[in-house]
Amino acid sequence: MKHLIPEFEALKTRLPPGLDSILVLPCLRRIQDDRGYIADEDIDGLVEYLGVPRIQIEEVLTFYTMLRRKPLGRWHVQVCRNVSCSMRGAEPLIKHLSNRLGVKPGETTADGRFTLSTVECLGSCGTAPVVMVNERYHELQDAQSLDALLEELK
Ligand code: FES
């Protein structure tokens with residue numbers, strides 16, 4: 001994380017003095033972009049650098065599902081399980097993916113290829129059920145379309 005301090009310092013120049021705690025979220029996002037996830041040592045580094053309590057960083061980490069504490073597989077399969085997607089079959093899709101990949105939500109396959117996650121609304125309720133793989137949306141999904149999608153992912 002230390003090599004990112006110059007970038008964090010540049011962010012600080014945009015803020016009034018004394019508001020460094022606002023930087024928790026942008027710093028975490030930048031760390032994740034750099035490392036792929038947020039490690040314990042990153043949290044320790046931010047506590048020291050920003051002078052914020054560890055709990056404040058943990059709160060941000062547990063609130064935002066896009067922030068990760070572990071490395072992901074090559075393909076991050078995120079299934080929305082909020083109201084619209086649930087009403088249109090998200091739970092059976094999660095079970096299907098879990099069986100097919102051999103992992104539960106939150107786990108990564110042994111070969112490191114897939115991480116399965118569940119998320120709250122992906123903002124595409126009109127095309128539910130929605131699955132996001134890395135940065136791409138796959139809408140109106142069913143078991144067959146997901147099987148085809150998984151076959152495409154190398
Ligand atoms: S409920 Fe799934 S995209 Fe909104």
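Me: Which residues does Leu97 touch, not counting residues up to four places away in sequence?
Reply: The model is predicted: local features need pLDDT of at least 70, side-chain atom pairs count only at pLDDT 80 or more, and totals for chains, interfaces and linings use all residues. Residues are numbered from 1 along each chain as its sequence is written. Contact means that two C-beta atoms, placed from the backbone, lie within 7 Å. With residues up to four places away left out, the partners of Leu97 are Val77, Val79, Leu116 and Leu146.

Me: At roughly what angle do the axes of helix H2 and helix H4 cross?
Reply: Two packed helices are described by the angle between their axes and the distance between the axes. Axes are lines fitted to C-alpha atoms, for helices over the stretch in contact, with angles from 0 to 180 degrees between N-to-C directions. The axes of H2 (residues 24–35) and H4 (residues 54–63) come within 10 Å, and they cross at roughly 65°.

Me: Which residues in H4 are met by Val24, Leu25 and Leu28 in H2?
Reply: The residues of this contact divide into 6 nonpolar, 1 polar and no charged. Here Ala, Val, Leu, Ile, Met, Phe, Trp, Tyr, Cys and Pro count as nonpolar, Asp, Glu, Lys and Arg as charged, and the others, Gly among them, as polar. On the H4 side, the residues are Gln56, Ile57, Val60 and Leu61.

Me: Does Asn134 count as buried or exposed?
Reply: Asn134 is in the loop between S3 and strand S4 (136–138), and its phi is near 50°, a positive value in a residue other than glycine. A residue is buried if 20 or more other C-beta atoms lie within 10 Å of its own, exposed if 12 or fewer, and partly exposed in between; C-beta atoms are placed from the backbone. Because Asn134 has 11 C-beta neighbours inside 10 Å, it counts as exposed.

Me: Which residue does a cis peptide bond join to Ala128?
Reply: Most peptide bonds are trans. In this cis bond, omega is about -5°.

Note on methods: Helix = DSSP H or I, 4+ residues; strand = E, 2+ residues; numbered from the N terminus.
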